[in-house]
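Subject: Structure for your review

Dear colleague,

Please find below the structure that I am handing over to you.

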Amino acid sequence: KATNIDSNYFIAYNNKFSFLGLQKPNNTDKILETLKSLNKLRPEYPDFYLYIGIIYIKKNDTGVSQKYLSNAITQYDKFLDTMHKSNAAYELLELNKAFSLILLGQEVKGHDILKQAYDSQIDTFYKQKMAPFLYKTRKEIIDSLSLE
C-alpha cells in the first residue's frame, strides 16, 4: 500500500522485494515488477540489475537478461573503481561482478575473478563456502538458481 501512496518510496519497495522473496511459491512477475521499481529508483545499485538479469535468464529471455547483466557489470565497475580493496564491501561487489560475467557468458573472466578472490582469502570457512563455485559452468549456475 505504501508504494501505491508514494511511488518513490525506496524502503517500501525494498521491504516488498524481501517479503516477496520469502513467499512460496514465488510470484516471479511481482518480484520482477518490484525489482524494476527499485532499479528505477536506484539505477546506480548493481545488484538490482543482476537480480533482474537472473529472472530474465530463468524466463529464457536472453536478450533482455544480457542487457541487465551488462548494466550490472558497468555499475559494479563504477563502485569498484572508486573503492579501496580493504573496504569490506569490495570483495562482495567483486564476487557479484564475477557471477554477472559468468551469467553473461564471459566465464573465463568471471572465473578468474573468483579464483583471485579465493586465493587471496585467508578465512578457511569462507574459502570452503566459495570453493564449489570456482569451476561451475554458466549452465550449472543457472540450473542451481531457483525462483520457486
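N60 is exposed, because its relative accessibility is 68%; the classes used here are buried for under 20% relative accessible area, exposed for over 50% and partly exposed in between, with a 1.4 Å probe and protein chains only. N60 lies in the loop between helix 4 and helix 5. Although N60 is not a glycine, it has a positive phi of about 60°. Helices here are DSSP runs of H or I with at least four residues, strands are runs of E with at least two, and both are numbered from the N terminus.

Please note that this is a predicted model, in which local features need pLDDT of at least 70 and side-chain atom pairs count only at pLDDT 80 or more, while totals for chains, interfaces and linings use all residues. Residues are numbered from 1 along each chain as its sequence is written, and side-chain values use heavy atoms, with hydrogens and water left out.

The term pLDDT stands for the predictor's confidence in each residue, from 0 to 100. The protein has an average pLDDT of 90, and 98% of the residues score at least 70. Confidence is lowest in helix 1 (residues 2-5), with a mean of 75, and highest in helix 5, with 97.

P25 is found in the loop between helix 2 and helix 3. The peptide bond that leads from K24 to P25 is cis, with omega near -5°.

I turn next to the aromatic rings. How many aromatic pairs does the structure hold? There are seven aromatic pairs in the structure. Rings of Phe, Tyr and Trp (its six-membered ring) pair if their centres lie within 6.5 Å; planes under 30 degrees apart count as stacked, over 60 as edge-to-face and the rest as tilted.

Why does the pair of F17 and Y51 count as stacked? The ring centres of F17 and Y51 are 5.8 Å apart and their planes are at 25°, so the pair is stacked. Because F17 lies in helix 2 (residues 10-22) and Y51 in helix 4 (residues 46-58), the pair ties together parts that are 34 residues apart in sequence. F17 is buried, with a relative accessible area of 19%, whereas Y51 counts as partly exposed at 32% relative accessibility.

Y56 and Y68 form another stacked aromatic pair, with 6.0 Å from centre to centre and 15° between the planes. Y56 lies in helix 4 and Y68 in helix 5 (residues 62-81), so this pair ties together parts that are twelve residues apart in sequence. Both Y56 and Y68 are buried.

One aromatic cluster is formed by F10, Y45 and F48. R42 lies over the face of F10, at 4.2 Å from the ring centre. A charge sits over a ring if NZ of Lys or CZ of Arg is within 6 Å of the ring centre and within 35 degrees of the ring normal. The charged end of K127 sits over the ring of Y118, at 4.7 Å from the centre of that ring.

F10 can also be related to a residue in helix 3 (residues 28-41), namely N39. N39 is buried, with a relative accessible area of 10%. The C-alpha atoms of N39 and F10 are separated by 9.7 Å, and the two residues are 29 residues apart along the chain.

T74 lies in helix 5 and is partly exposed, with a relative accessible area of 38%. From C-alpha to C-alpha, T74 and D47 are 11 Å apart in space, and they are 27 residues apart in sequence. D112 lies in helix 7 and counts as partly exposed at 43% relative accessibility. D112 and A98 are 14 residues apart in sequence and 8.1 Å apart in space, C-alpha to C-alpha.

Finally, I come to the second largest pocket. A pocket is an open set of points on a 1 Å grid over the protein atoms alone, where a 1.4 Å probe fits, with protein on both sides within 12 Å along at least five of seven lines; lining residues have an atom within 4 Å of a point.The second largest pocket has a volume of about 170 Å³, a volume being the space filled by probe spheres set on the points, which are joined across faces, edges and corners. Helix 6 (88-104) and helix 7 (107-120) are the elements that give two or more residues to its lining. The largest share of this lining, four residues, comes from helix 6. Among the lining residues are K85, Y90, E94 and S120.

Yours sincerely
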